[in-house]
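Reader: Please take one part of this model and go through it closely. I want to know where its residues sit and what they touch.

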Amino acid sequence: MSAERDDAAGTGRKKGGLQAFQASLLARMEAASSEELLARRLAATIGPFHCLIRLTEAGEILPLSSLPAPMKVPLTQPWYLGLVNLRGNLVGLADLAVLSGLPAQAHGRDSRVLAFSPALAPNCGLLLSSVLGLRHISEMTQISKNYDDKNELIGVVGRYKDTAGTEWHEIGLATLLKEAAFLHIGR
């Protein structure tokens, strides 16, 4: 009888050890995927600039050509392109290049609408000239912070250079939402 109890106790310890190992492994995998998510950026172009956007701040990305033309809103700034209907939600579309004093982005077949994460601002979107995929921020060298006077785009939180020498402007969508110029669409 005692041998059966010892065997049952050993099996119980093995199950407990296996469950603890599985829980630990799951926790490490979740932490790694969170770190990976924080390190990855959406790479896009806004006018002539290569830009990075945190995935946690980005929402849906849709081709501009798949959407009806933005509905113009009277008495708004030239950079405010109007309202677009994204799956039944009206989203205000902004051209960050024009807001920053640069020429308007051309609307081509590569143009995209980036909706902000619903956690940030469910009714905001940016016009992107193109989407270039994902980039890993740890593979780049930071060359300046957001307080650098050289930033030509509004909402830049840092500038980076990749191994090919391409300069990237990281746009903080949460930072952009604090910019008075971005918040005041009326003329």
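Author: Start with Leu 75, which sits in the loop between β3 and β4. Keep in mind that the model is predicted. Leu 75 is exposed, at 68% relative accessible area. Its backbone stands out too: phi is near 60 degrees, a positive value in a residue other than glycine. Most residues other than glycine have a negative phi.

Thr 76 belongs to the loop between β3 and β4 as well. Is Thr 76 buried or exposed? Thr 76 counts as buried because its relative accessibility is 8%, and the cut-off for buried is under 20%. What does Thr 76 touch, leaving aside neighbours within four places in sequence? The contacts of Thr 76 are Ile 185, Gly 186 and Arg 187. Arg 187 is 111 residues away from Thr 76 in sequence. In space, the C-alpha atoms of Thr 76 and Arg 187 are 5.2 Å apart.

Now the rings. The whole structure holds three aromatic pairs. One of them joins Trp 79 to Tyr 80, edge-to-face, with 90 degrees between the planes and 6.3 Å from centre to centre. Trp 79 has 6% relative accessibility, so Trp 79 counts as buried. Tyr 80 also counts as buried, at 12%. Trp 79 pairs with Phe 182 too: the ring centres are 5.8 Å apart and the planes meet at 20 degrees, so this pair is stacked. The cut-off for stacked is under 30 degrees. This pair links distant parts of the chain. Trp 79 is in the loop between β3 and β4 (80–86), Phe 182 is in helix α4 (residues 180–183), and 103 residues separate them. Both partners are buried. Trp 79, Tyr 80 and Phe 182 form one aromatic cluster together with Phe 116.

Setting aside neighbours within four places in sequence, Phe 182 is in contact with Trp 79, Ala 94, Leu 99, Phe 116, Cys 124, Leu 126, Leu 176 and Leu 177. Phe 182 is also among the residues with the most contacts inside the largest nonpolar core, as are Ile 53, Leu 96, Phe 116, Leu 126 and Ile 171. That core has 27 residues. Another core, of eleven residues, lies apart from it and includes Leu 62, Leu 93, Val 113 and Leu 127.

Phe 116 leads on to the largest pocket, as one of its lining residues. The volume of this pocket is about 160 Å³. Also in the lining are Gly 59, Glu 60, Leu 86, Arg 87, Asn 89, Val 91, Ala 115, Ser 117, Pro 118 and Pro 122. β3 (58–63), β5 (89–94) and β6 (112–116) each give at least two residues to this lining. By type, six of the lining residues are nonpolar, three polar and two charged.

Last, take Arg 87 from that lining. Arg 87 is in the loop between β4 and β5. Its phi is near 55 degrees, another positive value in a residue other than glycine. Arg 87 counts as exposed because its relative accessibility is 64%, and the cut-off for exposed is over 50%.

Terms used
Residues numbered from 1 in each chain as written. Predicted model: local features only at pLDDT ≥ 70, side-chain atom pairs only at ≥ 80, totals over all residues. Heavy atoms only, no water. 1 Å grid on protein atoms, 1.4 Å probe; cavity = no way out; pocket = protein on both sides within 12 Å on 5 of 7 lines; lining within 4 Å. Points joined across faces, edges and corners; volume = space filled by probe spheres on them. Helix = DSSP H or I, 4+ residues; strand = E, 2+ residues; numbered from the N terminus. Nonpolar A, V, L, I, M, F, W, Y, C, P; charged D, E, K, R; others polar. Phe/Tyr/Trp six-rings, centres within 6.5 Å; stacked < 30°, edge-to-face > 60°. Buried < 20%, exposed > 50% of the residue type's maximum accessible area, 1.4 Å probe, protein only. Core = buried A, V, L, I, M, F, W, Y, C linked by side-chain atoms within 4.5 Å. Contact = heavy atoms within 4.5 Å.
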